[in-house]
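Subject: Structure for you to look at, with notes

Dear colleague,

Please find below the structure I promised to pass on, together with its sequence.

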Amino acid sequence: MTGLYENINAIQNNPKLTFLLRSPKISLEPLGLSQIARQYEKTLNLSMEEARYLSKITKGYAFAFQALGMLYWDEAAKNKKINRDSILRELEILLDEYVYQKIWEGLSEQDQRILRCLPEDGAIKTGEICEQVELSTQSFSKYRERLINKGLIQSAAHGYVELTLPRFAQVIRYYD
C-alpha cells in the first residue's frame with residue numbers, strides 16, 4: 001500500500017473487514033522533513049546540509065525516506081565517493097516498480113494528462129493546467145478533487161496545485 005490514501009481507504013472501507021470499519025482512524029500527514037534530515041544525518045553520518053538535501057527529495061513520503069536511505073547506505077558501503085545521480089536513478093526505479101506504475105495504470109487518461117503538466121518541484125497555477133489540457137476550471141475541479149483524494153496532488157495555495165509524490169514527474173515522463 002506504501003501509505004497512499006486511496007489504497008488505505010479501500011481496505012479500511014471494505015465491508016468484509018468489519019474490524020477495520022469499527023476501528024478509529026488516524027490521518028497521518030507526510031513525515032517531517034527536519035525529522036528525516038536528522039535521521040539521515042545520524043544514521044548515514046552525513047552533514048546537515050547533505051541530510052537536508054536528501055530529506056527534501058523524499059517530500060516526506062515514508063516509502064521514499066526508507067528507499068533513499070537504503071540506497072545511500074548501500075552506495076556508501078561500496079564506494080567512498082557517493083554518486084547522487086546514480087542513487088536518484090535507483091530511487092526512481094524503486095518508486096516506479098513498487099508504487100508509481102500501479103498508480104499510473106489506475107488513472108484515467110485525463111488524470112494522466114493533468115499530472116503530466118505538473119512540475120517535479122513547486123506549484124503550478126490551475127489555470128495553466130486548464131489551458132494545457134483544454135479544460136474549463138469547473139471541469140478541472142472534479143479532477144483536482146479526485147487527485148487530491150488519491151494523495152497525488154495537494155493544493156499549495158488558492159489556485160495552485162503541486163505533486164505530493166517525490167520524483168513522480170520524472171518517472172511518468174518515461175511512460176509516454
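**Helix 9 and its surroundings**

Helix 9, which takes in residues 137-149, has 13 residues and reaches 18 Å from its first C-alpha to its last, close to the 18 Å expected at 1.5 Å a residue. Please keep in mind throughout that this is a predicted model. Within helix 9, the residues F140, Y143 and L147 are buried; they cover an arc of only 65° around the axis, which puts them on the same side of helix 9. An α-helix has 3.6 residues a turn, so residues three or four places apart point the same way. On the other side of helix 9, by contrast, Q138 and K142 are exposed. The cover over the buried residues of helix 9 includes helix 7 (109-117), helix 8 (126-133) and strand 2 (153-157). After helix 9 comes G151, whose phi is positive, near 80°.

**The chain as a whole**

The secondary structure of the chain comes to 10 helices and 3 strands, and from the N terminus on these elements run α-α-α-α-α-α-α-β-α-α-β-β-α. Taken along the principal axes, the C-alpha atoms of the chain fill a box of roughly 55 × 45 × 30 Å. Of the 176 residues of the chain, 37% count as buried, and among the contacts with a separation of 6 or more, 59% are accounted for by residues 24 or more positions apart.

**Helix 5**

**Salt bridges**

The count of salt bridges comes to 5, and I describe some of them here. The side chains of K59 and E120 meet in a salt bridge, at 3.8 Å from N to O. K59 lies in the loop between helix 4 (48-58) and helix 5 (62-78), while E120 lies in the loop between helix 7 and strand 1 (124-125), so the pair ties together parts that are 61 residues apart in sequence. With a relative accessible area of 13%, E120 is buried.

E92 forms a salt bridge with R167, and here the closest N and O atoms are 2.7 Å apart. This pair links distant parts of the chain, since E92 is in helix 6 (residues 84-105) and R167 is in the loop between strand 3 (160-163) and helix 10 (168-172), 75 residues apart. Both E92 and R167 are buried, and for R167 the relative accessible area is 15%.

**Aromatic residues**

The structure holds 5 aromatic pairs. In one of them, the rings of Y40 and F65 have their centres 5.3 Å apart and their planes at 45°, so the pair is tilted. Y40 lies in helix 3 (residues 33-44) and F65 in helix 5, so the pair ties together parts that are 25 residues apart in sequence. At 3% relative accessibility, Y40 counts as buried. Finally, R84 lies over the face of Y53, at 3.8 Å from the ring centre.

Technical notes
Residues numbered from 1 in each chain as written. Predicted model: local features only at pLDDT ≥ 70, side-chain atom pairs only at ≥ 80, totals over all residues. Heavy atoms only, no water. Helix = DSSP H or I, 4+ residues; strand = E, 2+ residues; numbered from the N terminus. Expected span 1.5 Å × (residues − 1). Buried < 20%, exposed > 50% of the residue type's maximum accessible area, 1.4 Å probe, protein only. Arc of directions from axis to C-beta. Contact = heavy atoms within 4.5 Å. Salt bridge = Lys/Arg side-chain N within 4 Å of Asp/Glu carboxyl O. Phe/Tyr/Trp six-rings, centres within 6.5 Å; stacked < 30°, edge-to-face > 60°. Lys NZ or Arg CZ within 6 Å of the ring centre and 35° of its normal.
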